[in-house]
Amino acid sequence: MDVIENKRKIDESIDGNRDAILAIAQRLGEHPELGYKENFATEHIAGLLKELGFDPTTGIAVTGVQADSAGASSGPTVVIMGELDAVIAPEHPDADPETGAAHACGHNIQVAAMMGAVIGLVKAGVLEKLDGNLRIVAVPAEEFVELGYRAELKAAGKISFFGGKQELIKRGLFDDVDTAMMIHALDLGAQKQKLLVAPTGNGFIGKNVHYKGVPSHAGSAPEKGVNALNAAMLGMMNIHALRETFPDKERIRVHPMLTKGGDMVNIVPADVRMESYVRAASVEWMQKVNEKISRALLAGAMAVGAEVEIQDIPGYLPLLDTPDLDEIFIANALGAVEEAEIQRGAQFSGSFDIGDVSHILPVLHPLIGGVAGDLHTSQFRITDPDTAVLLPAKIMAKSIVDLLADGAAGLRQVKSGFTPTMTKEQYLTFMDTIDRTIVGPQG
């Protein structure tokens, strides 16, 4: 296989289909949908894959799409992914007026870049020349939102996990996969850079907290009540008192939010609810800090004689990096961008559900510029579509060639240098240990 010539054909193919590729980002941006509700996006991407000659499967995890290269060979498999869901950002100019959903997360960009890479490989006639298989996955539910709705899906047996990639791990989508890749948009304007390669990110555990007190008239008989709001406030103060015990290198973040503070101002609050994440850079410290936070919340209840129910929800694992994949990506980026336009390495306190996959498989997850504004805000927008969408499409497609050409020698090298931190079975067992509910005794 003439690798250089085939990469040239991929560039030409993507450039020749520029308008169609950018239209994917626009169409998804016009129809933002929240996780496990991405019906328009699922059908739209499935239709595009059919036009390219694939036989897609929809509803892979409530929603979502999967397609494998036709006539799959006996060689290894590379998965290329994009995320379908939006976030809740009602102030965004493209927000859905009914749901408040908007692609302020840039997931419409991811999917367009994924499809751009696929279009480049297919229309250049390169895909069938590779010594391995390509799996295309449009993933649902990356954003950890609408927890009540996802709890209903779980109770109904429709999902086991709140995150889409977690669910796909359990359902076996990655069982026969050798490596996975995707991109994420990020405003890199301040650094005048176009690519950020080798990022790492925090993992987190979600917490739903329900303080239960005793109602009473707040003016005439407060002594007869048990104030659950006071219990919650003490719990949060206890969390603040713990912050000096968090090691800096772990980038620990705990950010509780009251979602209900009572029922009426003249009734002693007896039903108070809170949500929080416990984030850390390592699985070990996610667990350590989570135990501290649970103790702090329990202590708030015990101090005033309330009861508390603490539900721990498996969040995402820290994002790990695969250096061999980074170097393949960078090598294919150079020429299209200058070395000075590439940032190598950064630590993020936010979380990505591809972090879960990175503990099982080698993963590529670079961040791409061409956008402005902070993620998840009303200011987020595409400023340079060629950088945001076409550039990563070309680099990913050419990286797939390097992985699967010449007997998949590139992929064999990546796998030889990768040691998973967990098997699938160990991962599922770990997630089960996180999923628990603690009920604190009345004081």
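This is a predicted model: local features need pLDDT of at least 70, side-chain atom pairs count only at pLDDT 80 or more; totals for chains, interfaces and linings use all residues.
Figure 1. Residues are numbered from 1 along each chain as its sequence is written, and side-chain values use heavy atoms, with hydrogens and water left out. Helices (H or I, at least four residues) and strands (E, at least two) are DSSP runs, numbered from the N terminus. β9 spans residues 195-201 and β15 spans residues 342-348; the two run parallel, joined by six bridges. Strands count as paired if DSSP finds at least two bridges between them. β9 also has two bridges to β17 (residues 367-368), here antiparallel. In that pairing, Leu 196 faces Leu 367. Six of the seven residues of β9 are buried (under 20% relative accessible area; exposed is over 50%, partly exposed in between; 1.4 Å probe, protein chains only).

**Figure 2. Helix α3 lies across strands β1, β2 and β6.** The helix runs at about 15° to β2. Axes are lines fitted to C-alpha atoms, for helices over the stretch in contact, and angles run from 0 to 180 degrees between N-to-C directions. The strands belong to an open sheet of six, in the order β1-β2-β6-β3-β7-β16, with mixed pairing. β1 (57-61) and β16 (363-364) each have a single partner strand, so one side of each lacks a neighbour in the sheet. Three bridges pair β1 with β2 (residues 63-68) in the antiparallel sense. Thr 57 has Gln 66 in β2 as its bridge partner.

**Figure 3. Thr 42 is buried in helix α3.** α3 covers residues 39-51. The relative accessible area of Thr 42 is 4%. Leaving aside neighbours within four places in sequence, Thr 42 is in contact (heavy atoms within 4.5 Å) with Thr 58, Thr 63, Gly 64, Val 65 and Leu 84. Thr 42 and Thr 58 are 16 residues apart in sequence, and their C-alpha atoms are 6.8 Å apart.

Figure 4. Leu 147, Arg 150 and Leu 153 are the buried residues of α5 (residues 147-155). Exposed Glu 152 and Ala 155 sit on the face turned away from the buried side. Just after the helix, Gly 157 takes a positive phi of about 80°.

**Figure 5. Glu 250 is buried in a loop.** The loop connects α7 (228-242) and β11 (253-254). Glu 250 has a relative accessible area of 6%. Beyond its neighbours within four places in sequence, Glu 250 is in contact with Asn 202, Ala 280, Ala 281, Ser 282 and Trp 285.

**Figure 6. Helices α11 and α12 are roughly perpendicular.** Roughly perpendicular covers 65 to 115 degrees; under 35 counts as roughly parallel, over 145 as roughly antiparallel and the rest as oblique. The axes of α11 (residues 385-404) and α12 (residues 409-416) come within 4 Å and cross at roughly 85°. By class, their contact has five nonpolar, one polar and one charged residues. Nonpolar means Ala, Val, Leu, Ile, Met, Phe, Trp, Tyr, Cys and Pro; charged means Asp, Glu, Lys and Arg; the others, Gly among them, are polar. From α11, Asp 402, Leu 403 and Leu 404 take part; they meet Ala 409, Gly 410, Leu 411 and Val 414 of α12.
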